[in-house]
Amino acid sequence: MRQLRSTLASWEGFLLAVLVLIYLVNALNSAVFLTVGNQINMFQLSVEKIIVALVMTFVIINGEIDLSVASVMGLAACAFGWLVQAGVPGAAAVAIALAIGFLCGAFNAFFIVWFGIPSLVVTLATMIAFRGFARILVEDRGISDFPAWFDRLGQGGFIGPVPFAMVLFAVLAVLAYLLLQRTAFGRKVYFIGANRAVAEYSGLDVKMVKAKIFIASGVVSALAGLLFAARVGAVRGDIASGFELDVITMVLLGGVSIFGGAGTMSGTILAILIVLSMRNGMALQNITGHIQTGVLGVLLILSVMVPIIRETGSRMLARTR
Amino acid sequence: MTPVLVMRDISKSFGGTTALSAFSLTLEPGRIHALVGENGAGKSTLIKTMTGIYQPDSGEIVIDDRPVTFRGTADAQRAGVAAIYQEPMVFPDLSVAENIFISHQDRPKLINWTTMNDEAAAMIARLGVTLDPRRAAAELTLAEQQTVEIARAISLNVRVLIMDEPSASLSDHEVKRLFGIARALRDQGVAVLYISHRLEEIFALADTVTVMRDGKHISTRPVQEVTQASMIAEMVGRDMAGRFAREPSRDTGERLLNVSNLSRSGAFHDVSFHVNRGEIVCFSGLVGARRTDVGLALFGVEPADSGLVELGGQAVVIANPKQAQALGIAYVSEDRRKLGLAMTEGIAANITLPMLGKYAGAFGWLDRMRELADATAFRKQLNIKAANLTVPVGTLSGGNQQKVMLAKWLNTKPRLLIVDEPTRGIDVGAKAEVHQILRSLAAEGVAVVIISSDLPEVLSLADRVLVMREGRIVGEFAGDAATDEAVMRLAVAAEVA
């Protein structure tokens, strides 16, 4: 009983309760909601963002931010399209696009880690710069003659009706969970985010950890960009624009502290499910995308406020004691 | 003369520690009143109470025969009480004049720059110095910034000015100028409360001296009636009953650490000492004597510029904490919150942090059972009181946090343990426990270096006492030969009376 109460009192417990509630309401309101087709559709529409949200969880718990993820997605996708159009074999183009993601991440890491420039500033700049490169490569014309195997990867079922990107998300989610919560690397991520000086005094390789995270962020974003290109079957210079905010929203909603050091991978995953099922449920009720976005905004503010309200409450209680 | 401010029987405690106990002080206009006391005597608490940062638990503050309550610094400012500190607090991007008038919210919204600059220049002139009111505060020297702070206080019609160690970072020339300012204020009828560790300054400047110790008022006398020796005796005089017992030394005589002529520019110079296995060596001195910087250099946080460090007979270079740790050096910081522990993370995770590699298997997979087992052993050994080992460290009491910090570094199995202020801000019971832990470590052959501003602690623990002043080692005592007065005399640089 006490176990149950402490689970519910935690942020993850609260998110779980919200998620169950949303599923119940949606299921009652729409016969379609729980069908396999709708559930797959629900994930598929945002699968690229939720993959990036996994790595963004590491970034934010580490006390940093990466605003350039959507631009890296766009750049990798555009580079792929440009290469394919230039006659480069599909597999090689994929490899080069991923390498570009690596370089983008390394570029961010270089300025953040070795020059100590705040990641907010560096990734704001590279958000603009990487997007610029993407537009230079592809402009507004759009490229869509990809190899057939590539299109199939994004559009068909991979295991039964479940598409490749969803399977990949599931695998990555498990790996990300294990890496963050069960390994020495994950432990370092938390401590560096909670108190960098303590981490340095304890002999942790703070710079190395940060560099690895930003590089991973670049590679995973490039991967997500490729998946996006495969799903829509075309690329354009503005592909994936503005995705970074959706990604960060999901992570913060998951209870990850914007100041670093706190949050869990299960929180992020639950928040992802909440956002997706809420949007899907509203769409099934014919509520427009703009209103959906507004509701999400309110949700995010509430998610940031609830812990603060709870803390102030307990502090006031402590004072009256 | 009618006093401007009277503090009557002020008491203030934090948790179980009493910082001020029935403390009384009377400040008269046109007098410079010096306040002296050891580190931790309660001076800071007193200032914070006078300026409204803290509210007293009991007792009253009287201004012009009327009892007042300060709910915050703004209340104190309105009543004419202001304080300046060792590190001036100015807005670097604003001009001198803007800094001076920053608190004048009652002025019209539109700023007349000419008037403001003229008035600022007038304020500064009252202090007997010159300073261009248009200059940006960031360009000023520390001493000039202090002048701006004092001018700001004057602009608010200050009647009581508290100067807390104002000379600590100043050159001799600047100190003279500061004295001139203090005297100018006195002659204009301001009551100045001057706090300094430098006893010679007190004789040069003060009219009256108050000595405080352990939160209590000890004496208030005209400066003519005191000597350095009498002040020191009153600052350190303690009941023998309050002392911790000494224990026989476990010094093995086998030299572990040898430091020769270690220097870091701007911090410490030509520091030479050695520590044997099993020996406890204490660094004594006043706050600001740069003892911590020596510790940080040995731990590689801020490496020394020159000098030689030998560990176990071999010359070593320590460029960062990781290297220090690999050499078997551990450093327990005085600042638990900023440098010691990650308060939001669990106890066990904090303890194992420096040794994560030991618990990591393939792919970095953590053996959490082993972590918990080791943390449990420390919990038992050091008597850490906590609901369980996963609760955030921040929820523990100061004493238990201190023990977690010790556990964290003992887990690295150090040969040399440097502990900075091992018992600051923890209660008496936990203090005795920490002392026992440090003694038993020495008994196991660890070389222990303790940096402590707590003289009774030093005298009870040390096999040898090294006294530092202004970045240099100025004296050394065998532990059983050291006395409060002898150590304090060296620490404050008083000539032997």
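Visitor: What makes helix 9 (residues 291-298) of chain B count as mostly covered?

Guide: In helix 9 of chain B, 8 of its 8 residues are buried, and buried means under 20% relative accessible area, with exposed over 50% and partly exposed in between (1.4 Å probe, protein chains only). The residues concerned are Arg291(B), Thr292(B), Asp293(B), Val294(B), Gly295(B), Leu296(B), Ala297(B) and Leu298(B). After helix 9 of chain B comes Gly300(B), whose phi is positive, near 80 degrees. This is a predicted model, in which local features need pLDDT of at least 70 and side-chain atom pairs count only at pLDDT 80 or more, while totals for chains, interfaces and linings use all residues. Residues are numbered from 1 along each chain as its sequence is written, chains are lettered from A and ligands numbered from 1 in the order in which they are written, and side-chain values use heavy atoms, with hydrogens and water left out.

Visitor: Why is Arg291(B) called buried?

Guide: Its relative accessible area is 5%, so Arg291(B) is buried.

Visitor: What makes Glu421(B) and Arg291(B) a salt bridge?

Guide: Their side chains meet at 4.0 Å, N to O, and a salt bridge requires a side-chain nitrogen of Lys or Arg within 4 Å of a carboxyl oxygen of Asp or Glu. Glu421(B) lies in the loop between strand 17 (416-420) and helix 16 (428-443) of chain B and Arg291(B) in helix 9 of chain B, so the pair ties together parts that are 130 residues apart in sequence. Glu421(B), with a relative accessible area of 7%, is buried. Salt bridges that share partners also join Arg264(B), Arg290(B), Asp293(B) and Glu302(B) into one network.

Visitor: Which other pairs meet in a salt bridge, such as the one that holds Glu279(B)?

Guide: Glu279(B) meets Arg464(B) at 2.8 Å, N to O. That pair links distant parts of the chain, with Glu279(B) in the loop between strand 12 (268-276) and strand 13 (280-284) of chain B and Arg464(B) in strand 19 (residues 464-469) of chain B, 185 residues apart. Both Glu279(B) and Arg464(B) are buried. Glu139(B) and Arg135(B) meet in a salt bridge as well, at 3.6 Å, N to O. A search of the whole structure finds 33 salt bridges over all chains.

Visitor: How many aromatic pairs does a search of the whole structure find?

Guide: The search finds 19 aromatic pairs over all chains. One of them is formed by Phe158(A) and Phe164(A), with 5.1 Å centre to centre and 75 degrees between the planes, which is edge-to-face. Rings of Phe, Tyr and Trp (its six-membered ring) pair if their centres lie within 6.5 Å, and planes under 30 degrees apart count as stacked, over 60 as edge-to-face and the rest as tilted. Phe158(A) has a relative accessible area of 47% and Phe164(A) one of 21%, so each is partly exposed.

Visitor: Why is the pair of Phe179(B) and Tyr194(B) called edge-to-face?

Guide: The ring centres of Phe179(B) and Tyr194(B) are 6.3 Å apart and their planes stand at 80 degrees, so the pair is edge-to-face. The pair links distant parts of the chain, with Phe179(B) in helix 6 (residues 172-187) of chain B and Tyr194(B) in strand 8 (residues 191-195) of chain B, 15 residues apart. Phe179(B), at a relative accessible area of 10%, is buried, and Tyr194(B), at 1%, counts as buried.

Visitor: How many helices and strands does the secondary structure of chain B come to?

Guide: Chain B has 18 helices and 20 strands, where helices (H or I, at least four residues) and strands (E, at least two) are DSSP runs, numbered from the N terminus.

Visitor: Why is chain B called as compact as a globular protein of that length?

Guide: The radius of gyration of chain B is 25 Å, close to the 23 Å that the globule rule gives for 497 residues, so the description holds; the radius is taken over C-alpha atoms, and the rule is 2.2 Å times the number of residues to the power 0.38. Along its principal axes the C-alpha trace of chain B spans about 70 × 55 × 45 Å, and 54% of the 497 residues count as buried.
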